[in-house]
Amino acid sequence: MLPYPRGVDDLLIWLLDTVQSVDPVARTLIAGLAVMLETSILIGLVVPGDTIVIIASMGVATPWEGIAMGIAVVIGALIGESIGFWLGRWLGPRIRVSWLGRRIGEHNWVRAENYLERRGGIAIFLSRFLPVLHSLVPLTVGMSEYPYRKFLAWTTPACILWASAYVSVTSLAAGSFRELVDRVHFAGYIFVGVIAVFLLLIYLGKKLLQRAESRHLKAPETEADADVKD
């Protein structure tokens, strides 16, 4: 059997120690800010909010820090989606025809409109887990007559589910690694494997969800002018 490289453990310990050396309040606020930017209109297409949340969650040292991290991420996501909603309400058509809006592609705007028209509140909930749409749907909802209160009612549980998954899995994996590193020969590989499997499941889940919802993204055959469903 090939010797296990202790360098893997040392590298991971250095990474976790580096993250933990950041003030917990600052680390938590950075994660919340990153998700706010990630869920804001169009910024979410370039800001890797989920990656920053994973790194920040590696530094969680106590249950209270984990709870605070989760709350900050949820609040950041809700603020970001609210920004998208109100930009859609006030400036939506102008953003759509702007240079940046054209770069997104008219077909993506149409897909978001079709999805909201066909699925209503369910589209708001599921779009949090769909590429591109998670940035466009809040803006599209704002451009419609959909009430902000109902928008929040649908997006809040999605944000909670998203934040809970990322923060809990990453923080638990990091904590378990610290407990096992001096007792288990392959602790580093186990930690990396857990994170890799989690990210793979997230990726596959998004792909399956996107495939399942694809028929709702196409142009409606009838009732093209129907109101958004509750």
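Colleague: I take a crossing to be right-handed if the near helix is turned clockwise from the far one by less than a right angle, and left-handed if anticlockwise. Which is the crossing of helix 3 and helix 9, left-handed or right-handed?

Modeller: In this model, which is a predicted one, helix 3 and helix 9 make a right-handed crossing.

Colleague: At what angle do the axes of helix 3 and helix 9 cross?

Modeller: Roughly 40°, and the axes come within 8 Å. Helix 3 covers residues 49–57, while helix 9 runs over 148–180. The angle makes helix 3 oblique to helix 9.

Colleague: Which residues meet there, helix 3 against helix 9?

Modeller: Helix 3 brings Asp50, Val53, Ile54 and Ser57. From helix 9 come Trp162, Tyr166, Val167, Thr170 and Ser171. Sorted by class, this contact of helix 3 with helix 9 holds 5 nonpolar, 3 polar and 1 charged residues.

Colleague: Changing topic. What is the volume of the largest pocket?

Modeller: About 270 Å³.

Colleague: And how many residues line the largest pocket?

Modeller: The lining has 15 residues, and those that lie nearest the centre are Val60, Gly66, Ser168, Ser171 and Leu172. Helix 4 and helix 9 are the elements that give two or more residues to the lining.

Colleague: Which helix gives the most to that lining?

Modeller: Helix 9, with 9 residues. By class, the lining of the largest pocket is 6 nonpolar, 8 polar and 1 charged.

Colleague: Back to packing. How far apart are the axes of helix 2 and helix 4?

Modeller: 7 Å, at an angle of about 30°. Helix 2 is residues 24–39 and helix 4 is residues 63–97.

Colleague: Why are helix 2 and helix 4 called roughly parallel?

Modeller: Angles under 35 degrees count as roughly parallel, and therefore helix 2 and helix 4 are described that way. Their crossing is right-handed.

Colleague: Which residues in helix 2 meet helix 4?

Modeller: Pro24, Arg27, Thr28, Ala31, Gly32, Val35, Met36 and Thr39 do. Among their partners in helix 4 are Glu65, Ala68, Met69, Ala72 and Gly76. The contact of helix 2 with helix 4 divides into 11 nonpolar, 5 polar and 3 charged residues.

Colleague: Take Glu65, then. What does Glu65 touch, leaving out residues up to four places away in sequence?

Modeller: Glu65, found in helix 4, touches Pro24, Arg27, Gly59 and Val60.

Colleague: And what separates the C-alpha atoms of Glu65 and Val25?

Modeller: 8.8 Å, although Glu65 and Val25 are 40 residues apart along the chain.

Conventions. Residues numbered from 1 in each chain as written. Predicted model: local features only at pLDDT ≥ 70, side-chain atom pairs only at ≥ 80, totals over all residues. Heavy atoms only, no water. Axes fitted to C-alpha atoms, helices over the stretch in contact; angles between N-to-C directions. Helix = DSSP H or I, 4+ residues; strand = E, 2+ residues; numbered from the N terminus. Parallel < 35°, antiparallel > 145°, perpendicular 65-115°, else oblique. Contact = heavy atoms within 4.5 Å. Nonpolar A, V, L, I, M, F, W, Y, C, P; charged D, E, K, R; others polar. 1 Å grid on protein atoms, 1.4 Å probe; cavity = no way out; pocket = protein on both sides within 12 Å on 5 of 7 lines; lining within 4 Å. Points joined across faces, edges and corners; volume = space filled by probe spheres on them.
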